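Good morning. Please look at the model as I go.

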Amino acid sequence: MQETLDQRLTERNIKPTAVRLLVLKAFMAQEAAIGLADLENRFDHADKTTLYRTLKTFEEHKLIHSIDDGTGALKYALCQETCDCTPEDLHVHFLCTVCNKTFCLNDTPIPQINLPTDFSLDSVNMVVKGLCSDCR
């Protein structure tokens with residue numbers, strides 16, 4: 001497991017540190033997206049700034065992506081290994097309105113957006129809301 005964690009970080013040009021390895025392990029164990037507050041609760045001895053910087057490093061190196069699901073706090077999810085976070089890699093997210101968990105729907109791409117010729121696309125966010133399988 002340790003080799004897999006180290007390899008996953010080095011593939012994205014991220015230097016493995018103890019905190020980064022712990023945070024990556026937490027992401028790999030999650031099926032739903034997690035936020036900074038979730039990480040703070042999980043790692044009560046870790047510095048909030050260190051956790052925030054770890055998330056930003058992971059996001060900059062396209063190991064994770066951020067999700068604005070409308071709950072007021074960004075959540076983060078592990079990118080697929082082949083993801084480059086280009087518009088072609090974007091997918092729909094699902095927010096459960098009961099438990100507030102956000103899930104990546106990796107097999108549901110965001111529909112192509114036809115913009116006027118003088119516009120450029122940077123990012124797209126599409127969130128579908130309903131009840132997850134645990135809350136139905």
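**Pockets and a sheet**

The lining of the second largest pocket divides into seven nonpolar residues, three polar and one charged. Here Ala, Val, Leu, Ile, Met, Phe, Trp, Tyr, Cys and Pro count as nonpolar, Asp, Glu, Lys and Arg as charged, and the others, Gly among them, as polar. The model is predicted: local features need pLDDT of at least 70 and side-chain atom pairs pLDDT 80 or more, while totals for chains, interfaces and linings use all residues. Residues are numbered from 1 along each chain as its sequence is written, and side-chain values use heavy atoms, without hydrogens and water.

A pocket is an open set of points on a 1 Å grid over the protein atoms alone, where a 1.4 Å probe fits, with protein on both sides within 12 Å along at least five of seven lines; lining residues have an atom within 4 Å of a point. Volume is the space filled by probe spheres set on the points, joined across faces, edges and corners.

The second largest pocket holds about 180 Å³, and its lining includes Phe 27, Glu 31 and Cys 104. Of its 21 lining residues, His 65, Ser 66, Leu 90, Ser 123 and Val 124 lie nearest the centre.

Now the sheet. Strands are DSSP runs of E, at least two residues, numbered from the N terminus, and two strands pair if DSSP finds at least two bridges between them. Three strands make an open, mixed sheet in the order E5-E4-E6. Phe 94 stands opposite Val 128 in E6.

Notes. Helix = DSSP H or I, 4+ residues; strand = E, 2+ residues; numbered from the N terminus.
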